[in-house]
Structures are given as C-alpha cells and as structure tokens.
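Subject: Structure handover, salt bridges

Hi,

Here is the structure I promised. Please open it alongside this note; my findings on charged pairs follow.

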Amino acid sequence: QVQLVESGGGLVQPGGSLRLSCAASGSIRSIIAMAWYRQAPGKQRELVAKISSSGTTTYADSVKGRFTISRDNAANTVYVQMSNLKPEDTAVYYCNVVQMLRWQEYVYWGQGTQVTVSS
C-alpha cells in the first residue's frame, strides 16, 4: 500500500503561482509514474502532468508552458509548480502514483487539494 499526502493548495489571484507537493509513504518501491490530475465542478477528472521513473514528462495542452512537474526520488515526493494561473485552473488537484509489482499495476490517489484562482 502507498499513502499519499498532498499540500500546497489555496486561493491565488489570476497570474499568481502555487506549488503543490505530494509525499508518498508506505510500500513505495517500483513506482513507475507520478502524476497530478484535477477535477473542476461538473467536469471529469483530467490529467494535468505526469513524470515517469526515468524523468519523462507529459503535460496537458492547457498547462504547457505554465506548469512544471518534478520529483525528488530521495524524498519520494512529486511537485507541480503552477505559474500564470488562470480562473479555469480552479479545481481539486489529486496526486496519482502508479506502482508495478509482479507485472501488476497498482494505482493510488491522494485525498485532493483545492486550488482556487480568483480575484
């Protein structure tokens, strides 16, 4: 089992910045990817950014150039630095971890952290 604890959400004005953190603990071996998803009211959960164990990153088109995902393997933590935030970035942000054990994938989710972009 992997436990995920997110932090860093809050209220920010348009054009502002926030950094979200997600610390993984528990049985954290063989993690193949860490990611951030978000879900706005009335919308489906969507991928924001993903980083593989090799460091390859993927971003949603809507956040390219504004968000940067990174990971600290020693601390088992994934971050997303969000800049030039827009009202449409308002959502609950969820940390996601994919673990591969004995050819089986296990997916874990954090509890979510609210990000609100408003003046």
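Is Asp61 buried or exposed? Asp61 is exposed, with a relative accessibility of 64%. Please keep in mind that this is a predicted model.

Asp61 also has a charged partner. Its side chain meets that of Lys64 in a salt bridge, at 3.1 Å from N to O. In total, the structure holds four salt bridges.

Now to Arg38. Its relative accessibility is 6%. Arg38 counts as buried because the cut-off for that class is under 20%.

Arg38 pairs with Glu46 in a salt bridge. The closest N and O atoms of this pair lie 2.7 Å apart. Glu46 is partly exposed, at 35% relative accessible area.

Arg38 also forms a salt bridge with Asp89, with an N to O distance of 2.9 Å. This pair links distant parts of the chain. Arg38 sits in strand β4 (residues 31–39). Asp89 lies in the loop between β8 (77–82) and β9 (91–101). The two residues are 51 residues apart. Asp89 has a relative accessible area of 1%, so Asp89 is buried as well.

Which residues do shared partners join into one network? They are Arg38, Glu46, Arg66 and Asp89.

After that, go to the Asp61 and Lys64 pair.

Best wishes

Conventions:
Residues numbered from 1 in each chain as written. Predicted model: local features only at pLDDT ≥ 70, side-chain atom pairs only at ≥ 80, totals over all residues. Heavy atoms only, no water. Buried < 20%, exposed > 50% of the residue type's maximum accessible area, 1.4 Å probe, protein only. Helix = DSSP H or I, 4+ residues; strand = E, 2+ residues; numbered from the N terminus.
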